[in-house]
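Here is a brief report on one helix, its partner and the ligand shell. Start with the structure itself.

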Amino acid sequence: MQGELVRRNTLFFEQLHGHLQELASLQLSRCDAPARQQLRLLRRSLLYAKAVAVRLADDRWCESLPLPVQTTDYQHWRFGEVELLWQLDWLNDPLQPSLLLQSPRHRVASSLYFVQEKIDLAPGYQALLADRDTRRVLDFAAQRNTLDAAEWAVLHHPQQLQALDGRLYLASAGDAQGIQLLLIADATALQASLAGLRLGYVLLAGVLAVLGGALAGLLMRRELSLEKALQQALRRGELEVDYQPLVDLATRRCVGAEALVRWRRVDGQRVRPDLFIPQAEASGQICAITQRVIELVMQQMAELLRAHPTLYISVNLAAADIVQGRFVEVARQQLASQGVAARQLVWEVSERGLVDVEQACQLLGQLRQAGHRIAIDDFGTGCSSLSYLQRLPVDVLKIDKSFVDSLGMQAASSSVAPHIIDMARDLGLKVIAEGIESATQADTLQQLGAQVGQGFLFSRPLDASAFHAFVRCHG
Ligand SMILES: Nc1nc2c(ncn2[C@@H]2O[C@@H]3COP(=O)(O)O[C@H]4[C@@H](O)[C@H](n5cnc6c(=O)[nH]c(N)nc65)O[C@@H]4COP(=O)(O)O[C@H]3[C@H]2O)c(=O)[nH]1
């Protein structure tokens, strides 16, 4: 089935490229009704095209359907004359032209939905498209998925596997333009999943050069491994914290924020946490990052927290933090020196972070005794559930965005959020629903009994001063 995945996606992009070539064979001298009809007829014969357009001699576009004039909100990648543009916000909207393939005179609009529907990878894995130099072109974040594509890659194409910075890559053969499909997996996750198979595979040295987005710039400087770069980032103070408001669903007032780490590189680019946190977890640097986050939170928020004694900031802890426990003393000192109450610092632990439940119970118990509250992040996505919940000293469950998304849908997971809320009620725990993007979701969750919400509906993560302003307006 995973072979099917690679085949379909490679085919999809080969087809799109073919569409562009077919369009190039069409000669249009003007854009009148017959010309548009010709375009529409051609469009209908192109499997993945939603619309097509040809640029006339006077530089105006003749389109089968109106296409976006402005593509500034698209991300893009250029292969010589051909440009690929994509709009991930429309990933799940089959009606939007979320993918454009264009040459100077021709344009094919398609939908990422075509691929999204078919991409089905295991958690932590991604499928990317890349050009000959294997620079990243398109990243299909695969979050809710079932298959283990990378495992398949190892089984079927070990010679094509390459490793860079803790990630594994499989490159498909590539089409005439050299556009390839890459499957990317987190190496540690992969190793864990393969442990049972006793499969020997060779990790070739870091041949693939660059990931896309903000990380691309970083990794292009090949002399720096991500670990070294992170080390420098910590030394140079390149880590920053954003604050995503937590809102009382009944009153819509701000009750706190989640601290989310960001890495601003010297060139001003910001690297998303999911691009470096897994590496930091693997190398153990996460503990230093957590400590830095605590320091920054206290520097930026102490005054606000003193002025609003019920407001709180939650900080993410990783498995290594729970094992090492070094952050406890850092937090204690910071709180004492800033005169902030321990209840205003909430610790978020994900199910993944609870490797050793006994040890976690002990540490979290101490933290609670000191006055902190404990939230379980991404609740429902891990393999453990009720059994450990009854033992763990916990105050809050955070419902993962995926369950909020599926609310009201036909999906089997649509009943998970109501179930978690019921369970929390029985256990006397509070519920925070993550990733709320619509008013309907907020209303439903409130009716179901969730107390607090977080998500783009209320606010995206804000820098410290913007969060201060948010509290002034919504506090
Ligand atoms: N599409 C969508 N997304 C929403 C919405 N509301 C919130 N989000 C995003 O969901 C993530 C929530 O954080 P998380 O589950 O703790 O997931 C976090 C957390 O696991 C990790 N992380 C971030 N900061 C830290 C940190 O300081 N320490 C540790 N250990 N992990 C961190 O990185 C993950 C990703 O963080 P971010 O990229 O900041 O992404 C944030 C946030 O921007 C929404 O309505 N729609």
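## Cys 287

Cys 287 sits in helix α9. Helices (H or I, at least four residues) and strands (E, at least two) are DSSP runs, numbered from the N terminus. The model is predicted: local features need pLDDT of at least 70, side-chain atom pairs count only at pLDDT 80 or more, and totals for chains, interfaces and linings use all residues. Residues are numbered from 1 along each chain as its sequence is written.

Cys 287 is buried, with 20 other C-beta atoms within 10 Å. Buried means 20 or more such atoms, exposed 12 or fewer, partly exposed in between, with C-beta atoms placed from the backbone. Leaving out residues up to four places away in sequence, Cys 287 touches Ala 320, Asp 321, Gln 324, Arg 326 and Phe 327. Contact requires backbone-placed C-beta atoms within 7 Å. Asp 321 is 34 residues away along the chain, yet the two C-alpha atoms are separated by 5.5 Å.

## α9 against α11

Helix α9 (residues 286-307) packs on helix α11 (residues 326-338) at about 10°, axes 10 Å apart. The two are therefore roughly parallel (angles under 35 degrees). Among the residues in contact are Cys 287, Ile 294 and Met 298 of α9, and Phe 327 and Val 330 of α11. This contact divides into seven nonpolar, four polar and two charged residues. Ala, Val, Leu, Ile, Met, Phe, Trp, Tyr, Cys and Pro count as nonpolar, Asp, Glu, Lys and Arg as charged, the others, Gly among them, as polar.

## Ligand shell

The ligand is surrounded by 23 residues; the closest are Val 261, Pro 273, Asn 316, Gly 455 and Phe 456. The cut-off is a backbone-placed C-beta atom within 6 Å. β13 (254-264), α8 (273-283), α9 and β17 (373-379) each give two or more residues.

Key
Axes are lines fitted to C-alpha atoms, for helices over the stretch in contact, and angles run from 0 to 180 degrees between N-to-C directions. Angles under 35 degrees count as roughly parallel, over 145 as roughly antiparallel, 65 to 115 as roughly perpendicular and the rest as oblique. Two residues are in contact if their C-beta atoms, placed from the backbone, lie within 7 Å.
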